[in-house]
Amino acid sequence: MDRTAWHDHLSPFLPEAAVRDIVNWIIAHDVEFIVHRHRKTKLGDFRPPHRSKRPRITVNESLNPYAFLITTVHEFAHLEVYSEHKHRVAPHGPEWKSAYSEMLKPFVFDDSIFPEPLFEPLLDHLQRPKATSCTDLKLYRKLREFDPDPKITAESLRQGDVFRIGNRILLKGPKLRTRFKCKEPATGRYFMVHPLAEVERVTNF
């Protein structure tokens, strides 16, 4: 696709003021960039070039525009680090953190891209980048406020509530450090559930 086609393709998913820069990145790096259907296990991913194949970046179509942009920068930072270091450094080590912060910073400080409520959590995020925005709870909570159809999360339930996550029905238990210890009544097994995991409340258990 040419620049105009990329712009039209990505405009529904990104803040308008960020589209041009992302299109420039895609073309400059000759990336196979895919807007992917919703995945519960990842927001996006990066695959390095292999044999004759180009590097590939995928980002979930279900993300709101601000989460889509952050995830896109996250994956392009992986490409940047791979281009310089190949597989010689850790995926989310200091090299990636530095590249990610520097690449995200111009978007954060452009007043036309992110809304004011995201500014403070994004500043903190720049100082201490996480492996995913999901693990930066302060930022992730704020990002979810901009979802067009907010989902029920584990932390919004009361202790003792029953919920479904994936194919499992669990009983919400106490929070241990960063996750909730939840019991599966059918098997007696326990699972540690992320506080912002999307769940479905079960009322007729």
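**Strand pairing and a helix contact**

In the hairpin of β7 and β8, four residues lie between the strands, and Gly188 takes a positive phi near 80°. Helices (H or I, at least four residues) and strands (E, at least two) are DSSP runs, numbered from the N terminus. The model is predicted, and local features need pLDDT of at least 70, side-chain atom pairs count only at pLDDT 80 or more, and totals for chains, interfaces and linings use all residues. Residues are numbered from 1 along each chain as its sequence is written, and side-chain values use heavy atoms, with hydrogens and water left out.

Strand β8 (residues 189-193) runs antiparallel to β7 and is joined to β7 by five bridges; two strands pair if DSSP finds at least two bridges between them. Phe180 has Val193 in β8 as its bridge partner. Strand β7 (residues 179-184) also pairs with strand β6 (residues 175-176), in the antiparallel sense and over two bridges.

Helix α4 (residues 94-108) and helix α5 (residues 119-127) are in contact (heavy atoms within 4.5 Å): Tyr100, Ser101, Leu104, Lys105 and Val108 in α4 meet Phe119, Leu122, Leu123, His125 and Leu126 in α5. The residues of this contact divide into seven nonpolar (Ala, Val, Leu, Ile, Met, Phe, Trp, Tyr, Cys and Pro count as such), one charged (Asp, Glu, Lys and Arg) and two polar (the others, Gly among them).

Key
Axes fitted to C-alpha atoms, helices over the stretch in contact; angles between N-to-C directions.
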